[in-house]
Amino acid sequence: PLSSRYHTHITAHRTRRREPARRVQATGTTGMTDGRASPNVCPVQRVVRIRPFPLCRAPSAKMAPKHNNVLPNTHFRKDWQSYVNCHFNQAGHKRRRAIRRADKAEAIAPRPVKGAVRPVVRCPTFKYNTKVRKGRGFTLEELKAAGIAPKYAQTVGIAVDHRRRNKSVEGLQANVQRLNEYKSKLVVLPRKTRKGKKGEVPVAEQLLTEVLPIAAADKRVRSRAITEEERSVQVFKTMRIARANARLCGVRLRRAEKKAAEAAMKKK
């Protein structure tokens, strides 16, 4: 079957075949001078496919920009070759950073490479309060509990933050214990070694890692059997009672004051 997408044209094509003249029927042929078909000519219909016309669709046009946006005005000639960075100097920069780290460690030796010891603090806001991280410095209260003067602490590699305040006893005790552990491992060297001075100079090795790193807590909860004490606790009831006590605190206080005043009036 012919496709509707193509325009067809039927023509009569003459081919010479050895067939009787009675089977040949053609009109408008030029086989003989009198208008009759030649007995050796047989018309055959042949379908010629012509190049199809384009589909009937509207010409493609860009949609008009909507809303109060910047008008599209793209530029494609920006000399992008001058802005391409292939980072062929990556290996050289890596070596340069390593040399700088080595020079810095040599300059501050025998002090620790990673800097001063810092406290363990809680992250702010309710969302991140369950996480711990290193703080800026120890508070004055923590240094006083550990028996270290603030000015002396800065000379022996202890960071000090005079603005932070301790809001919990647990955080205070944890940082005081951290300071005591640091003092037990601290080796103080004299600035100048004088000849003929009594006593030997202690030998210390430079620490290349972080000072007292914060150990990651294991947050996995191991499966275990429920105890009888946990079964006997009624969590919902306890929460409702605590909520009611907080809500009725003022009412009960005023009621008690009124009752005490009435009792005082009766005594008089």
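This is a short chat about a predicted model of one protein chain.

Q: What does the secondary structure of the chain come to?
A: The chain has 8 helices and 4 strands. Starting at the N terminus, the order is β-β-α-β-α-β-α-α-α-α-α-α.

Q: How much of the chain is buried?
A: Of its 268 residues, 12% count as buried. The accessible surface is about 25,300 Å², and 55% of that belongs to carbon and sulfur atoms.

Q: How many residues has the largest nonpolar core?
A: That core has 14 residues. Val117, Phe138 and Tyr182 are among those with the most contacts inside it.

Q: Which elements give two or more residues to this core?
A: They are α3 (140-146) and α5 (169-185). Helix α5 gives the most, with 4 residues.

Q: New topic: how many salt bridges does the structure hold?
A: There are 5. One of them joins the side chains of lysine 134 and glutamate 210, at 3.0 Å from N to O. Lysine 134 lies in strand β4 and glutamate 210 in the loop between α5 and α6, 76 residues apart.

Q: What about aspartate 161 and arginine 163?
A: Their closest N and O atoms are 3.6 Å apart, in a salt bridge. Aspartate 161 is buried at 9%, whereas arginine 163 is exposed at 55% relative accessibility.

Technical notes
Residues numbered from 1 in each chain as written. Predicted model: local features only at pLDDT ≥ 70, side-chain atom pairs only at ≥ 80, totals over all residues. Heavy atoms only, no water. Core = buried A, V, L, I, M, F, W, Y, C linked by side-chain atoms within 4.5 Å. Buried < 20%, exposed > 50% of the residue type's maximum accessible area, 1.4 Å probe, protein only. Areas by Shrake-Rupley, 256 points an atom, 1.4 Å probe, with all protein chains shown as cover. Salt bridge = Lys/Arg side-chain N within 4 Å of Asp/Glu carboxyl O.
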